[in-house]
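Dear colleague,

I am handing over the structure below, and my notes on what was found in it follow directly after. Please read them with the coordinates open beside you.

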Amino acid sequence: MPSLSQVVNVQDLRQLAEHRVPRPVFDYLDGGGEGEFTLRENCRAFQDITFRARHAVSVGACDLHTKLLETDLALPFLLAPVGYSRLMHPDGECAAARAAGEAGTAYILSTISGHRMEDVKAASSGPVWYQLYLMGGRAVAEAAIARARMAGFSALVLTIDTAVSGIRERDVRNGVSQLLSGNLISMLPFLPQILSRPGWLASFLLDGGVPSLANVVVPGSGPMPMVDVASALANAAVTWADMHWLRQVWNAPIIVKGVLTGDDARRAIDEGASAVVVSNHGGRQLDGLPATIRALPEVVAAVNGQIEVLMDGGIRRGTDVVKAICLGARTVLIGRAYAYGLAAAGRPGVARAIQILRTDIERTLQLLGCPSIAALNRSYVDFPAAWCRGHIAH
Ligand SMILES: Cc1cc2nc3c(=O)[nH]c(=O)nc-3n(C[C@H](O)[C@H](O)[C@H](O)COP(=O)(O)O)c2cc1C
């Protein structure tokens, strides 16, 4: 097994994570919905894009800076919201936010967080956004939004692809809900896989066991227990009507995450979104959705420069980041790529994931003959013409 300094790419970090955390935690992080077609396709579809490099040009040190919603980022990627990060490592969300800030980029905190949002914000020297699920209803969300404003979060991310939680078959087989229940009898059949990772188990127990959702505080009963997440999500489906309400209670940027069609992108603009994220939730929700990189050109065309377009899904290498930006993404979010690092080694693991991608992106620009992220455009890639056709109305 390589040490953290020996890992060469994100796949190596994935292996380290698999080695450190118990099977149910690793599979929760690694897995996808149903047959995992969309999960695989997110990664595979990047291979349908090839580069058109400009050789024999000297570009020197390439400029990776990106401007996003009036904010300067040192890198063309942000850290996506990843629920249950505190189960991957006790420092969880705080560690990821700290690593993002140190690298000069932003962190998006999931609603499903074991750490208090005030602590997460304090951990980071960079911008931090809050991702919103309506678990517990609007009043609970409004209390969280008020805290986010006070703590200094600069944008809200409204995830719209989670009408119910997707079914991740690995989680069912591993007994994730039984393990979260705290009921020893129902946990029993699944305990051996936990006991096989004593290092993780010791740090988990020292951290106090399964945390509650520190930012979903239900009046009268306190922070929501993690075991209630699936049922709470099933009663928290977001509709466009919620955008109207959200704009009344939050007067900073709102980013709509989970857009895959030109129609939804235009609707997001009409509802006052400042940006959209082309996302299929990392292939964890509806299986059979297209790869996000394939959906990106249709959304970019529909948005037509009116707001910023971000994307996530399947990004494991710097070449993936560069390809997405060539196809019109302002910047991308990474999910598993940093979460593998978190599960492998906490903050240093996240920092290593960021460092690997940063070096990859810089080298890719140099080999491409492009001086900066800002100068990337479609002339640097070839991709299937069908991706631009969009939806044909019946
Ligand atoms: C373990 C895990 C947990 C996630 N939790 C959330 C979440 O709480 N809220 C959300 O909007 N997206 C969540 N996502 C989706 C990510 O924000 C992002 O869309 C996805 O990970 C991108 O795909 P990638 O992992 O291939 O980079 C989660 C993804 C993973 C892998």
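An oxygen atom of the ligand is placed 2.7 Å from an N or O atom in the side chain of Asp312, in what is, please keep in mind, a predicted model. Gln131 also takes part through its side chain, one N or O atom of which is 3.2 Å from a nitrogen atom of the ligand, whereas Gly335 contributes a backbone N or O atom, 3.0 Å from a ligand oxygen. On its own the ligand has 600 Å² of accessible area, and the protein covers 99% of this.

Turning to the helices, H1 (residues 10–20) and H2 (residues 23–30) have axes that come within 8 Å of each other and cross at roughly 150°. Because angles over 145 degrees count as roughly antiparallel, H1 and H2 are therefore roughly antiparallel to each other. On the H1 side the contact is made by Arg14, Ala17 and Glu18, and on the H2 side by Arg23, Phe26 and Asp30; by class, this contact has four charged and two nonpolar residues, with no polar ones.

Technical notes:
Residues are numbered from 1 along each chain as its sequence is written. This is a predicted model: local features need pLDDT of at least 70, side-chain atom pairs count only at pLDDT 80 or more; totals for chains, interfaces and linings use all residues. Side-chain values use heavy atoms; hydrogens and water are left out. Axes are lines fitted to C-alpha atoms, for helices over the stretch in contact, and angles run from 0 to 180 degrees between N-to-C directions. Helices (H or I, at least four residues) and strands (E, at least two) are DSSP runs, numbered from the N terminus. Angles under 35 degrees count as roughly parallel, over 145 as roughly antiparallel, 65 to 115 as roughly perpendicular and the rest as oblique. Contact means heavy atoms within 4.5 Å. Ala, Val, Leu, Ile, Met, Phe, Trp, Tyr, Cys and Pro count as nonpolar, Asp, Glu, Lys and Arg as charged, and the others, Gly among them, as polar. A polar contact is a pair of N or O atoms within 3.5 Å; within protein, one must be able to donate a hydrogen and the other to accept it, and residues adjacent in sequence count only if both atoms are side-chain atoms. Accessible areas come from the Shrake-Rupley method with a 1.4 Å probe; for residues, only the protein chains shown count as cover.
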